[in-house]
Amino acid sequence: MIIINKILNVDDYYFDVFMSISEALTGFSVNELQSTGLTETYYTHILKSLEVATFIEFLTVSKNIFEKSSDPKQLEEAIASEIMKNTRMSDIAGHVITLWYLGTWEGAYINDLSYQEGLVWNLMNAHPPGAKQPGFKSWAIKPVNSNL
Amino acid sequence: MSQTEHKKNVIIVGTGIAGSLIAKLLTDHVFDPEKGKMIHRADAKKTEKIRELSVLMLEAGLEAGIELDSVSSMTTYNEYIRTFYKEAAKVPNSPYPNLKPAPSPNILDMEKITPPFPDKKGYLVQFGPMPFASDAIRVGGGTTLHWLGTTPRMLPNDFRLTEKYGIEINKPDSSEKTSINWPIDYETLKPYYEMAEFEIGVSGDVSKQKYPISEKTEQYYGDYVFPMEEIPQSYMDHKIIHGLEGTSVTLNSEKIPLLMVPSPQGRNSIPNPKYGKTKIIKAETIQSGYRLVLDSSEKEEYKALGSVWNPYMGERCEGNASCVPICPVQAKYNALKTLKKALYKMNENENLVRHPYLEIKAQSVVYRLSVDHADQDKISKVHLRKYTSKDKTDFVEEVIDTSDAIVILAANAFENPKILLNSKYTVTENGKKVERTAANRSDQVGRNLMDHMVMLTWGLFPEPVYSYRGPGSTTNISSFRDGNFRSQFSAWISPLDNWGWSWPTFSPGSDLAEFLTDGNFGSKLREKLTYRLSRQVLFHFEIEQLPNPNNRVTINDQYMDALGIPRPVIHYELTEYEQKSMQQAKLASDQMFEKLGIKDFTKYTEQDKNTFMYDGVRYSYNGAGHIVGTHRMGSNPDDSVTNSYCKSWDHPNLYVVGAGNMTTLGTSNPTLTLSAFTIRSVESILTDLEKQFKN
């Protein structure tokens, strides 16, 4: 079942842009981001936390980057020059990356799930402390997927 | 003011590990009027004549924290876990309720001190000059809810630092020297260590315990195995052991071989078949009273004890990697497990039923004892304030008559001395009125506050070690726990830490912030984080602090809590003995890092809360949560608060138990040792109870 949410006054298209730019910024695929189960929660949280105009500006800049980039290298360069070199944009990008990686916005967790779904733990082949416990003796050996 | 109606035989203040152990052991015994003796419930014939002893426990924490039926305890504990998930700073106290009427010290409140102005931000009033860096929590089950669970025993020489190394300390407010030998030695405590290891459920491998002591393992442990098999050492431990095995560190031109030991721990692994059946801690009658023994005549197999709400959860450590501040499945021991055994006893049909002779009153903050000078200086009353809700400060004043009861203070090493110092009474000496405070003939109440000073060193291992997995620490370097150097500087234990740099730098958040500042994103950011986080190693150097009469808990009527009860006022300093040890530990760390090819990222700055310069070099440290020493035991009423059975020298019906009894700190985590001597104190309590029942 596909659920299409109309979120506030930003239409679905912007949500897709948000997911695409999140993929490019975090290095995690849209699929991996969706597996947190928190995509809409995060999107609405940002909408509540930022001036809507600022967020739309960020998403419009992102949209333009996607439209003019035809391969990953171009995309990376465009993000570097148009987002990361612009203090206002890079600040939002940093917030978005931190949200996916740690589950926090301005240092606070969105909810009890956002801590458990932080993606940073996957990077170190571990799990969020206190959740998703891997089982007795798992820590004694090299983790699975550690040769990726 | 209301008077509690029922007369109790024993009043226990605090439901942490000390109070719970005593409650459990006492409620396992009954009085047999025919024999005129206290006997274990298992040996009691089904006769109506057996007399139950009646125990009242008082807990400052919330009511919910001591409700141990399955539904309530699961609900409360899950709320602790949910809070932990949501708290931004996941410090030791973070999962547990922060109570306005019964506040707890919190490391987030600790700040640098600019004498003479104290840091008053949190519950403690800290005059320094160095902030005391450890916290505790006032909750059912006490601070065992957030202990790490490491359970090494103390070493034989830890009990005799004066005899062995000539170390003496000043008497209070004097330059006259006094001994810091314990009133008991390792051999005396050994059987009680075994009882504590049974009750806590220790996992470990005796044959792999190597220490720098002259006693052989067969002497130190005897013919013995821990109840459960070793908790597996981490992948990281194996990498470090591989790099250091067979090497040594040179300190003061002395070569010290590196001994890397799998740490005994109070968390569940696989029951060791060699341990045999389960046991009972049982009192036997001896000429002078009672002796506790670990009785093996039970028929049941020894089993790991899971969570309080469901015995089929937490039978093994599941690798949650969050022992501090909370084990989600309770595979790590906490005192609620022992408290539950006190509260629920097996009936004739082998069903667990609520024991009617143990009452626990929560939200009850004990703040003062009354002393009846006319009646042998007995503790005649316990005063408490019972509050109504966690956010409000209204309370009901209650007084419990204890003239026919035994009073046991089993709170932490801030609260026990605080209550004693607040218990003033007047006596007439040589025709003059003199004011005294309870149990304080020696002037040692509140003094000798100690903690392990944890110097941390951290770096990147040359290959991935995949930290952030497993219990907090599964291996320790024991080489520096004893040696002749102790006449000049502190011994230390070096646990290897499995959780990356999370403690000193707040990794992984700080690593992410650092790489974001450098403009990283996408695959480059992933690579940098993966590289950094999978190579992080952290070494601890837990430095023994000597007792020092000037390091103390006092009270002062300028500083009161929300219920109008004095807050602990702390004075705390380091001596050169400890400072020099940190210098030596850093030298040891440098040598080990070099051997392992670890790139050192350790950084100590002036902004650190606990920092000092020694020989022109800066060192910083953290607290270990090992709050001990403030009502030391001793062999002489003139320089100690209790005897070796934790019984006050000054009052015939008062025991003061817990970490505060430790004469010195040694290099082991204190919970196992305090459990051992607390269990031993029950022998003396049973003797007193026998007299009480015969009267």
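1. Conventions. The model is predicted, so that local features need pLDDT of at least 70 and side-chain atom pairs count only at pLDDT 80 or more, whereas totals for chains, interfaces and linings use all residues. Residues are numbered from 1 along each chain as its sequence is written, chains are lettered from A in the order in which they are written, and side-chain values use heavy atoms, with hydrogens and water left out.

2. Interface of chains A and B. In contact terms (heavy atoms within 4.5 Å), 46 residues of chain B touch 44 residues of chain A. The two chains bury about 3600 Å² between them, 69% of it on carbon and sulfur atoms, where buried area is the accessible area (1.4 Å probe) that two parts lose on being put together, summed over both.

3. Salt bridge across the interface. With a salt bridge taken as a side-chain nitrogen of Lys or Arg within 4 Å of a carboxyl oxygen of Asp or Glu, the rule finds one between chain B and chain A. Arg82(B) forms a salt bridge with Asp112(A), and their closest N and O atoms are 3.4 Å apart.

4. Salt bridge within chain A. The side chains of Arg88(A) and Glu57(A) meet in a salt bridge at 2.2 Å, N to O. Arg88(A) belongs to helix α6 and Glu57(A) to helix α4 (residues 52-68) of chain A, so the pair ties together parts that are 31 residues apart in sequence.

5. Helix packing in chain A. Helices α5 (residues 72-84) and α6 (residues 87-102) of chain A pack at an angle of about 115°, with axes 7 Å apart. Glu82(A), Ile83(A) and Met84(A) in α5(A) meet Met89(A), Ser90(A) and Ala93(A) in α6(A).

6. Backbone features. The peptide bond from Gly128(B) to Pro129(B) is cis, with omega near 10°, and Pro129(B) lies in strand β6 (residues 125-129) of chain B. The bond from Val324(B) to Pro325(B) is also cis, with omega near 15°, Pro325(B) being in the loop between β13 (289-295) and α7 (335-343) of chain B.

Conventions: Axes are lines fitted to C-alpha atoms, for helices over the stretch in contact, and angles run from 0 to 180 degrees between N-to-C directions. Helices (H or I, at least four residues) and strands (E, at least two) are DSSP runs, numbered from the N terminus.
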